[in-house]
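Let's take a walk through this model together, one site at a time. Keep the viewer open as you read.

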Amino acid sequence: MENKTQGSAKILSELIRDAKRIVFLGGAGVSTESGIPDFRGSGGLYTEQASIPPEVILSHTFFLNRTEEFYRFYREKMLFPDARPNEAHKALAQLEKMGKLTAVLTQNIDGLHQAAGSKRVIELHGSVLRNHCVDCGRAYPLPFILKSEGVPLCPSCGGIVKPDVVLYEEPLNDRDLVDAERAITGADLLIVGGTSLTVNPAAGLVLWFQGGKFVIINRDPTPYDGMADYIFREPIGKLLGEAVSAL
Ligand code: NAD
Ligand code: ZN
């Protein structure tokens, strides 16, 4: 059968074919084709005329001092319970199944990589699917937050139920960072996509890469473009989907 894969998808497909230990590092742009807005892309939350910038609302200080406003923003702008995995999530899950991809490192908090079937996912910024009472530690699933009003309170002890999401000013989980560094160090192909690479320490993880090819798939430029062997400015779902189906 004639291979109809053109241009970028063909190049990416060949890079994937030659690789044995692919690591993917992604961000909010991976989920825009699932209908979840990113922060800094066109149509992202940062382009909205908001009186308080999202990174201020999503900070630990704001959570502590203006808890009710935090939850109002969080429910409205960060929760998309009906979103489904797109071609990017599916292609990455497929690469893992084929034994080619060793880990997905994501800054996303939407759980869509696991929903697509990926098993080895490091959620650098946590997940909206998990929530805990800050006082007694009891765990609550996402529907508990969705059904609650105002500040969600623990029925057992009255403590605040906080999402397991890393807020600005909060540290990332050490174990996750070490695992992510190890995965990148051992990779022979690093694909970075759908991220502005401006949120640290996640973005700085690319500096651990010592392997063969470094590919960026992102609509807008990133501070690490100069390090990349290939840069594709196409929609990540479409490109990854085509590249993997052409393998
Ligand atoms: P970002 O918003 O800073 O950057 C997203 C990048 O993706 C932009 O550079 C944009 O050009 C690119 N992009 C958007 N759609 C694309 C597409 N279809 N194909 C190719 N490129 C595309 O996102 P970030 O770097 O992840 O940093 C934002 C922070 O916000 C992260 O920490 C993340 O946790 C959080 N966040 C998560 C979600 C989510 O879980 N889905 C959504 C919004 C924000
Ligand atoms: Zn409690």
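**A guided walk through the model**

Gly-126 sits in strand E4. Helices (H or I, at least four residues) and strands (E, at least two) are DSSP runs, numbered from the N terminus. With a relative accessible area of 9%, Gly-126 is buried; buried means under 20% relative accessible area, exposed over 50%, and partly exposed in between, with a 1.4 Å probe and protein chains only. Look from Gly-126 across to Thr-32: the two are 94 residues apart along the chain, and 18 Å separates their C-alpha atoms.

A word on the ground rules: this is a predicted model, in which local features need pLDDT of at least 70 and side-chain atom pairs count only at pLDDT 80 or more, while totals for chains, interfaces and linings use all residues. Residues are numbered from 1 along each chain as its sequence is written, chains are lettered from A and ligands numbered from 1 in the order in which they are written, and side-chain values use heavy atoms, with hydrogens and water left out.

Which residues hold the zinc ion (ligand 2)? Cys-133, Cys-136, Cys-154 and Cys-157 coordinate the zinc ion (ligand 2), each through its SG atom, at 2.3 to 2.4 Å. Donors here are N, O and S atoms within 2.8 Å of the metal (3.2 Å for Na, K and Ca); water is not among the atoms, so sites may look incomplete. The angles that the four donor atoms subtend run from 96 to 117°, so the arrangement around the zinc ion (ligand 2) is tetrahedral. For four donors, that label asks for all angles between 85 and 135 degrees. Along the sequence, the donor residues of the zinc ion (ligand 2) follow the spacing C-x2-C-x17-C-x2-C. The pair Cys-133 and Cys-154 links distant parts of the chain: Cys-133 belongs to strand E4 (residues 126-133), Cys-154 to the loop between helix H7 (142-147) and E6, and they are 21 residues apart. Cys-133 counts as buried because its relative accessibility is 3%, and Cys-154 is buried too, with a relative accessible area of 3%.

With those cysteines in view, how many disulfides does a search of the whole structure find? It finds zero disulfides, where a disulfide is a pair of cysteine sulfur atoms within 2.5 Å.

Now move to ligand 1. It is surrounded by 28 residues, and the closest are Phe-39, Arg-40, Gln-107, Ser-196 and Asp-220; a residue is near a molecule if one of its heavy atoms lies within 4 Å of it. Polar contacts, meaning pairs of N or O atoms within 3.5 Å (within protein, one must be able to donate a hydrogen and the other to accept it, and residues adjacent in sequence count only if both atoms are side-chain atoms), come next. The side chain of Thr-195 places an N or O atom 2.7 Å from an oxygen atom of ligand 1. A backbone N or O atom of Ala-28 is 2.8 Å from an oxygen atom of ligand 1, and a polar side-chain atom of Asn-218 lies 2.8 Å from an oxygen atom of the ligand. Of the 860 Å² of accessible area that ligand 1 has on its own, the protein covers 96%. Accessible areas come from the Shrake-Rupley method with a 1.4 Å probe, and for residues only the protein chains shown count as cover.

The backbone has some spots to check as well. Leu-197, in the loop between E7 and E8, has phi near 50°, a positive value in a residue other than glycine. Is Leu-197 buried or exposed? Leu-197 counts as buried, because its relative accessibility is 3%. Pro-201 also lies in the loop between strand E7 (189-193) and strand E8 (213-217), and the peptide bond from Asn-200 to Pro-201 is cis, with omega near 10°. Glu-169 has positive phi too, near 85°, and is found in the loop between strand E6 (161-165) and helix H8 (174-185). At 56% relative accessibility, Glu-169 counts as exposed.

Finish with Ser-34, in the loop between strand E1 (22-26) and helix H2 (54-57). Ser-34 counts as buried at 15% relative accessibility. A polar atom of its side chain lies 2.7 Å from the backbone oxygen of Arg-84, and the Ser-34 side chain also makes a polar contact with the side chain of Asn-86, at 3.0 Å.

Methods:
Tetrahedral: all angles 85-135°; square planar, octahedral: opposite > 155°, others 65-115°.
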